Amino acid sequence: MDWIDDFLADEECTLHQISMIESLMKTSSSATQYKDIELDKLTYQEANDIIYILKENDNPIDPREQFNRMFK
C-alpha cells in the first residue's frame with residue numbers, strides 16, 4: 001500500500017465526495033445498490049470506490065453525450 005492510502009484509511013469522506021455520489025446517483029445505472037447507504041458514515045476510500053463504480057455505470061442525460069458514448 002502507498003503511504004497516502006495508509007494516511008487516508010480512516011479518514012471520513014469529504015463533502016466533495018458526498019456531493020459527487022449524490023449527483024451520480026441520479027444518472028448511474030448501479031445507483032440502486034447504494035440507495036440505502038449512509039453517506040456520512042463512509043470512509044474516504046469507500047467513497048472513492050463507490051464514485052468509481054457509479055462513474056463506470058453512468059448514463060449521461062445529454063443526448064449528445066449518449067451518442068458519443070455509444071460510438072466510442
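Phenylalanine 71 is exposed in this predicted model. The reason is its relative accessible area: 59%, and a residue counts as exposed when that value is over 50%. Phenylalanine 71 sits in the segment after helix H4, which covers 63-70.

Now step back to the whole chain. The protein has four helices and zero strands. Read from the N terminus on, the elements run α-α-α-α. The radius of gyration is 14 Å, whereas a compact globule of 72 residues would have a value near 11 Å. The C-alpha trace spans about 40 × 30 × 20 Å along its principal axes. Buried residues account for 26% of the 72 residues.

Next comes a charged region. Asp10, Glu11, Glu12, Glu38 and Asp40 form a negative surface patch. Where in the fold do its members lie? Take the loop between helix H1 (3-8) and helix H2 (15-25), which holds glutamate 11. Aspartate 10 lies in the loop between H1 and H2. Glutamate 12 is also placed in the loop between H1 and H2.

How accessible are these loop residues? Aspartate 10 has 71% relative accessibility, so it counts as exposed. Glutamate 12 reaches 61%, and therefore it counts as exposed as well. Glutamate 11 has 38%, so it counts as partly exposed. The cut-offs explain that label: partly exposed covers the range between buried, under 20%, and exposed, over 50%.

Glutamate 12 and aspartate 40 are 28 residues apart in sequence. In space, their C-alpha atoms are 7.7 Å apart. Both residues belong to the negative patch.

The negative one includes Asp10, Glu11 and Glu12.

How values were computed. Residues numbered from 1 in each chain as written. Predicted model: local features only at pLDDT ≥ 70, side-chain atom pairs only at ≥ 80, totals over all residues. Heavy atoms only, no water. Patch = residues over 30% accessible without salt bridge, like charges linked within 9 Å, V, L, I, M, F, W, Y side chains within 5 Å. Areas by Shrake-Rupley, 256 points an atom, 1.4 Å probe, with all protein chains shown as cover. Salt bridge = Lys/Arg side-chain N within 4 Å of Asp/Glu carboxyl O. Lys, Arg positive; Asp, Glu negative; His and termini not counted. Charge placed at Lys NZ, Arg CZ, Asp CG, Glu CD. Helix = DSSP H or I, 4+ residues; strand = E, 2+ residues; numbered from the N terminus. Buried < 20%, exposed > 50% of the residue type's maximum accessible area, 1.4 Å probe, protein only. Rg over C-alpha atoms; globule rule 2.2 N^0.38 Å.
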